[in-house]
Amino acid sequence: MKIALGFDHAGIKRKKLITDYLTENGFEYVDFGTYSEESCNYAEFGEKAAEAVKSGECDKGILVCGTGIGMSIVANKVPTIRCAHCTDVFSAKATRAHNDANMLAMGERITDEETMKEIVDAFLHTEFEGGRHLARIAKISEVENKYLK
C-alpha cells in the first residue's frame, strides 16, 4: 500500500514520526511536502496529496498541519476524497470501517506523538465494513456529484 503524505510548517515536526512508522511497517509513501519549517500554505500540500489518492497513484493519504482541520477541508474539496480529521483511535477506526475514508488529517499542535502513531496504525489497519455502509457512501457520492455540475 502506498501512502500520500502532506505536511505544512505547523505539522512538519511529525513527519519523521510518520515516515519512520510507515517504513517500519512496510508501507511505501510519497512525500508531497513541505520540506522545511518555513511558513507555507497547507492547501498546496493537502491538494497534492489528495490528487495522488484521487488518481490512484497512492492508496490512502495522511495529512498533518497545526490542527488537521485546514488540511481536511482542502482534501475534501477534491472529488472522491473522504478525508477524516481524527484526534483519537476510535474515530480513526470508525471512519475507515463506516465511511471508507481514504485520507486522514491530524494536528501536530493538538495530538501527542504516541496517540498520533496509534491513530495512523488504526487508520491503516482497519478495513471498510461495507454492508449497510455502502448506501451511505453512495449518498455521499451523490451529494458530491450534485455540486460538481
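Q: Is Glu144 buried, exposed or partly exposed, and how do I read that?
A: Buried means under 20% relative accessible area, exposed over 50%, and partly exposed lies in between (1.4 Å probe, protein chains only). Glu144 is partly exposed because its relative accessible area is 23%. Keep in mind that this is a predicted model, where local features need pLDDT of at least 70, side-chain atom pairs count only at pLDDT 80 or more, and totals for chains, interfaces and linings use all residues. Residues are numbered from 1 along each chain as its sequence is written, and side-chain values use heavy atoms, with hydrogens and water left out.

Q: Where is Glu144 found, and which residues does Glu144 touch?
A: Helices (H or I, at least four residues) and strands (E, at least two) are DSSP runs, numbered from the N terminus. Glu144 belongs to helix 6 (residues 132-148). Contact means heavy atoms within 4.5 Å. Not counting residues up to four places away in sequence, Glu144 touches Val78, Pro79, Thr80 and Ile81.

Q: What about Thr34: buried or exposed?
A: Using those cut-offs, Thr34 counts as buried, because its relative accessibility is 7%. Thr34 sits in the loop between strand 2 (28-31) and helix 2 (42-55). Beyond its neighbours within four places in sequence, its contacts include Phe7, His9 and Phe45.

Q: At what angle do the axes of helix 1 and helix 5 cross?
A: Axes are lines fitted to C-alpha atoms, for helices over the stretch in contact, and angles run from 0 to 180 degrees between N-to-C directions. Helix 1 (residues 15-24) and helix 5 (residues 113-125) have axes that come within 10 Å and cross at roughly 40°. That makes helix 1 oblique to helix 5; angles under 35 degrees count as roughly parallel, over 145 as roughly antiparallel, 65 to 115 as roughly perpendicular and the rest as oblique.
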